[in-house]
Amino acid sequence: MGLLSDPNRRRALTNLLTRLNTPLCIVCYLAGVAWFMGLAFEPFTLRTYMSENAMGSTMVEERFLAGERALVTAREFAAQKKKMGGMPVDWLVKAMQARGLEVFTQSFSRTLPFPDENKERYMVHGTNVYGILRAPRAPRTEALVLSAPCTPGSSNNQAVGLLLGLAQYFRGQMYWAKDIIFLVNEHDLIGMQAWLEGYHHTNTTGMSWTPLEGRGGSIQAALSLELSSDIITSLDLVLEGLNGQLPNLDLANLFYAFCQKIGVLCTIQGKLQRNDWDSAAGYSQAVQTMLLMVLKQASGRPWGDHGLFLRYHIEAASIRGINSFRQYKTDLTTVGKLLEGMFRKLNNLLERLHQSYFFYLLPSLSRFVSIGYYMPAFGLLAAILLLRALDLWVQLGSPAPGTEDGLVDGEQPFGPGVLSVLTPLIISHLTGVALYTLPIMAQQTAVEHFPVSETEAVVLTAIAIYTAGLALPHNTHRVLSGEGTEEGWRVLKLIAIFYMAVLLGCTALINFSLGFILALTLVPVAAFITPHVPRVLSALVMVLLSPGSTLLFSIFVYQELQEAPITLLEGWNLFLSVISQGILDHNLYGSLVYPLISLLVYPCWLLLWNILFWK
Amino acid sequence: MATCSCCFPLMMITLFLYILLYLQPVPCSNVETKASQLFSSGHTNNWAVLVCTSRFWFNYRHVANTLSVYRSVKRLGIPDSHIVLMLADDMACNHRNPKPATVFSHKNMELNVYGDDVEVDYRGYEVTVENFLRVLTGRLPPSTPRSKRLLSDDRSNILIYLTGHGGNGFLKFQDSEEISNVELADAFEQMWQKRRYNELLFIIDTCQGASMYERFYSPNLMALASSQVGEDSLSHQPDLAIGVHLMDRYTFYLLEFLEDIHPASQTTMNDLFKVCPKSQCASTPGHRTDLFQRDPGSVLITDFFGSVRKVEITKETVNLTTPIVYEDHENPNRRIGTPQMASFWAFGPSSCLCSSRPTASNTSSTSSKTLPQALPGGPKPLVVGEKGICHITGMTPFHLLL
């Protein structure tokens with residue numbers, strides 16, 4: 001007889017499975033964590049290389065010299081910005097026209113679901129100004145974008161100045177095969193979202209904007225510039241975009257190649273390159289860089305103005321100039337040369353960037369980890385869920401010890417069994433829906449009754465619902481069907497484990513970092529929770545490993561990695577603002593982290609909480 | 001008297017000269033041997049098929065390679081009507097070219113190989129494997145213009161130059177198809193069976209180029225490649241202003257070598273084999289001569305790269321017996337070929353032999369420009385040049401009826 005159909009052999013296998021289940025789970029968990037930490041170890045990583053043939057090496061001759069003039073333009077821009085108290089639209093239009101571009105403007109407005117700390121208003125109005133440099137000889141089928149944000153105050157003036165300087169220089173060259181669009185957007189991401197929606201004729205987020213009068217072709221690549229000082233010491237590359245999407249690795253490779261050619265210090269996550277990646281200190285820095293990238297990706301928010309381009313399959317990155325206390329300074333001409341070189345190479349592109357990886361982690365600018373290497377870490381954690389599910393299936397299949405009459409016992413809990421399983425499911429999901437919708441809907445009533453601002457009202461409502469969820473299923477369960485049966489909680493746990501496996505698997509495919517972090521905390525909970533474990537201790541552990549606490553811990557870890565540790569109170573405030581930002585991101589740009597957590601992950605966790613209090 | 005004393009030597013000299021001028025006519029049977037010595041290489045016309053198979057801006061160097069060889073071949077005498085030039089992409093007018101209408105082969109823009117007299121026969125998407133094989137084998141539709149045809153015959157020496165991206169046993173055409181070494185060998189065999197070449201020189205500048213000539217099996221083929229199987233052919237110089245590599249190493253040194261060749265040079269194939277050693281090329285060029293009948297040391301470069309007409313000035317007169325009178329009274333100025341040529345067709349469509357009996361007054365006073373008069377009753381002379389007879393080789397029948 002076959003292996004699985006022979007009852008003796010089957011019993012032997014299942015006994016093995018039951019006996020070794022817990023040790024195997026622990027081994028898998030430790031192996032998964034160790035694999036993840038080992039990803040940053042230098043011999044396991046690959047050196048970055050340029051995959052796109054059309055871009056070739058960095059052989060161009062950069063001739064941009066107008067850095068000083070760009071500074072003058074920046075000061076003019078700053079003065080105009082102060083005079084207008086916002087975006088100096090007319091001055092920008094005139095400046096771009098003087099440089100020979102085709103200039104257009106777009107005005108947009110958005111009603112925020114609740115005013116966040118930055119805006120303190122419900123309505124956001126703004127104008128984007130963009131100029132198109134038409135390719136001298138090519139048909140207008142493709143475009144590249146260089147953008148700089150117009151931020152209030154004294155930031156990013158030099159970015160706009162350099163943008164205008166580059167526009168003037170580019171206008172004098174005749175080797176452009178693509179149109180170049182120079183964009184100055186207002187209100188950072190909101191303005192960028194309006195511009196992109198107008199450009200691509202989509203309206204996914206409910207913003208209202210005037211249609212774009214002038215257009216280039218389909219955008220092949222975009223760079224966003226953030227410069228707030230006359231001289232810089234290093235350039236930071238920001239890759240993480242909306243929902244953890246990353247641009248093609250070739251863009252990062254291009255940036256790094258030019259940094260090396262021109263001799264500018266380049267960083268990623270604010271950390272410098274070093275020579276000794278295989279030493280202990282080097283490994284520690286690589287792990288920190290990778291963890292920062294994982295945390296940023298898991299948050300699902302765009303970390304630069306480039307983050308919104310990625311959704312339209314446009315490879316984009318943000319370049320941030322940093323001025324710290326270092327001896328070697330770089331001036332604006334050199335930054336201009338770097339951008340000129342990058343644009344010349346992007347000009348040579350014949351198709352969109354697609355040769356290099358789309359899913360990767362960067363322990364440093366010169367090393368990368370591709371999806372084939374980091375996915376097994378998540379796979380090992382998912383294997384724990386599979387082992388537990390098999391174990392439960394075996395337990396459910398074999399009759400309970402002490403009962404002789406299998407048939408009668410099997411039938412009896414079936415009726416109330418379904419109801420006792422279905423109820424927690426429905427109640428958990430309803431709580432999730434409440435967590436998703438109520439905070440914004442109920443903010444007005446909350447403001448009336450409590451002395452808090454709207455933002456705080458929303459966040460505190462969310463936390464209140466979250467905590468209330470802890471109490472709810474616990475009580476209703478007792479009311480509805482009395483003591484639960486052994487089989488009932490096993491069935492519920494099986495369902496919960498399958499649910500979690502599918503959920504985390506799909507999340508990890510789209511956003512590996514989010515899936516991995518959730519798996520790290522939720523999989524042990526799912527593995528060891530039963531009604532028979534010590535209740536109080538388990539409850540404490542479960543709360544500590546719930547999605548909300550995971551978020552709190554991640555904030556502290558993030559601050560530690562950034563070398564800016566914070567106190568408990570600051571951490572709590574940051575936690576509140578992160579929640580409000582998450583809700584806002586979801587409403588403004590369509591970020592999926594908040595709905596995922598509130599509608600799917602939180603109910604899943606509530607099911608397990610329910611199992612803990614089954615009896 | 002002084003005049004009388006030098007009169008006698010003068011008379012002797014004049015007599016000597018007359019004797020020289022009126023040589024005994026050579027019997028016809030010796031002419032064949034004489035003529036055969038002139039046709040020792042066996043070819044009478046030269047063709048070139050130059051193919052660049054890559055498109056896209058970053059393959060600028062392949063177009064520059066092909067245009068460099070085109071330039072050399074034209075300089076050494078092969079006319080555009082005998083060159084089939086296939087370029088898969090237009091680099092000179094590409095939007096990314098900072099110097100439009102130029103293709104440079106040397107950095108600092110020293111040599112513009114695009115020039116103003118480049119005739120591209122197959123351009124852009126017309127450069128396909130099918131078109132290339134049809135050109136070689138001659139199986140073109142009747143509507144194909146002459147400039148797109150390889151009108152070679154069994155007395156033609158053909159130079160075939162291919163460049164692009166290749167691998168072990170194949171050459172990539174235009175990013176969408178490939179030609180394999182087996183196909184190429186079969187195409188050459190078809191050419192041999194249809195007697196479309198006398199001798200063929202095949203040069204290929206791609207990665208693993210030697211694999212392309214491994215499968216040849218037709219006679220009279222000589223092949224050169226820029227790299228062996230398993231090696232990559234590397235590019236030579238990048239030009240920072242244009243932003244691409246301008247040439248491949250093998251063709252760069254080949255061009256340097258060819259720049260020293262002029263139509264009368266006696267450099268042989270053995271020197272060509274030495275072009276671009278490993279120290280310069282970083283790959284090992286290879287060659288194959290086992291199918292070639294002559295010794296490469298006796299094969300001149302100009303046998304393939306140039307269209308050298310063998311012109312030998314001789315003072316011998318050759319009397320061709322049994323002339324057939326072929327008069328045209330209406331147009332006495334028209335040059336008429338005499339049927340003496342019939343006996344020499346065996347050597348190829350070539351010689352226009354002239355009769356040997358010009359009158360003294362005619363020959364000594366005629367310049368090369370005047371055409372011969374129709375002498376009554378005598379054979380029609382075809383005088384080209386001043387004194388004596390020129391054996392002219394390398395002309396197709398078409399050129400005779402001038």
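With which residue does Lys274(B) form a salt bridge? In this predicted model, the partner of Lys274(B) is Asp271(B), with the closest N and O atoms 3.7 Å apart. Lys274(B) counts as exposed because its relative accessibility is 59%, over the 50% cut-off. Asp271(B), with a relative accessible area of 28%, is partly exposed.

Across all chains, the structure holds 25 salt bridges. Side chains of opposite charge can pair when their charged atoms come close. One such pair in chain B consists of Asp117(B) and Lys74(B), whose side chains meet at 3.3 Å, N to O. This pair links distant parts of the chain, 43 residues apart: Asp117(B) is in the loop between strand 2 (83-87) and strand 3 (122-123), and Lys74(B) is in helix 3 (residues 60-75). Asp117(B) is partly exposed at 45% relative accessibility, and Lys74(B) is likewise partly exposed at 23%.

A further salt bridge joins the side chains of Lys278(B) and Glu231(B) at 3.6 Å, N to O. Lys278(B) belongs to helix 8 (residues 278-281) and Glu231(B) to the loop between strand 9 and strand 10 (238-239) of chain B, so the pair ties together parts that are 47 residues apart in sequence. Lys278(B) is partly exposed, with a relative accessible area of 48%, whereas Glu231(B) counts as buried at 19% relative accessibility. In chain A, a network of salt bridges links Glu102(A), Arg134(A) and Asp179(A).

Chain B as a whole contains eleven helices and 14 strands. Of its 402 residues, 52% count as buried. Among contacts in chain B with a separation of 6 or more, 74% are accounted for by residues 24 or more positions apart. The chain exposes about 19,000 Å², of which carbon and sulfur atoms supply 57%.

An unreviewed UniProt entry carries the annotation "active site" for His165(B) and Cys207(B). These residues span 43 residues in sequence, yet no two of their C-alpha atoms are more than 6.4 Å apart, so they gather at one spot. His165(B) lies in strand 5 (residues 165-167) and is partly exposed at 23% relative accessibility. Its side chain makes a polar contact of 2.7 Å with the side chain of Asn59(B). Beyond its neighbours within four places in sequence, His165(B) is in contact with several residues, including Thr53(B), Arg61(B), His62(B) and Thr206(B).

Cys207(B) occupies the loop between strand 8 (199-205) and strand 9 (221-225). With a relative accessible area of 17%, Cys207(B) is buried. Its contacts, neighbours within four places in sequence aside, include Gly166(B), Gly167(B) and Glu231(B); Glu231(B) also takes part in the salt bridge with Lys278(B).

In chain A, a nonpolar surface patch is formed by Leu3(A), Leu4(A), Leu13(A), Leu16(A), Leu20(A) and Leu24(A), with about 510 Å² of accessible area together. Leu3(A) is located in the segment before helix 1 (7-38) and counts as exposed at 51% relative accessibility.

Two loop residues of chain A are buried. Thr45(A), in the loop between helix 1 and strand 1 (46-47), has 8% relative accessibility and counts as buried. Residues up to four places away in sequence not counted, Thr45(A) touches Leu39(A), Ala40(A), Pro363(A), Arg367(A), Phe368(A) and Val369(A). Ser591(A), in the loop between helix 18 (568-589) and helix 19 (593-612), is buried with a relative accessible area of 3%.

Conventions: Residues are numbered from 1 along each chain as its sequence is written. Chains are lettered from A and ligands numbered from 1 in the order in which they are written. This is a predicted model: local features need pLDDT of at least 70, side-chain atom pairs count only at pLDDT 80 or more; totals for chains, interfaces and linings use all residues. Side-chain values use heavy atoms; hydrogens and water are left out. Helices (H or I, at least four residues) and strands (E, at least two) are DSSP runs, numbered from the N terminus. Buried means under 20% relative accessible area, exposed over 50%, partly exposed in between (1.4 Å probe, protein chains only). Contact means heavy atoms within 4.5 Å. Accessible areas come from the Shrake-Rupley method with a 1.4 Å probe; for residues, only the protein chains shown count as cover. Patches are made of residues with over 30% relative accessible area and no salt bridge: like charges are joined within 9 Å, nonpolar side chains (Val, Leu, Ile, Met, Phe, Trp, Tyr) within 5 Å. A salt bridge is a side-chain nitrogen of Lys or Arg within 4 Å of a carboxyl oxygen of Asp or Glu. UniProt positions are given in the numbering used here, feature names are shortened, and annotations may be inferred rather than shown by experiment. A polar contact is a pair of N or O atoms within 3.5 Å; within protein, one must be able to donate a hydrogen and the other to accept it, and residues adjacent in sequence count only if both atoms are side-chain atoms.
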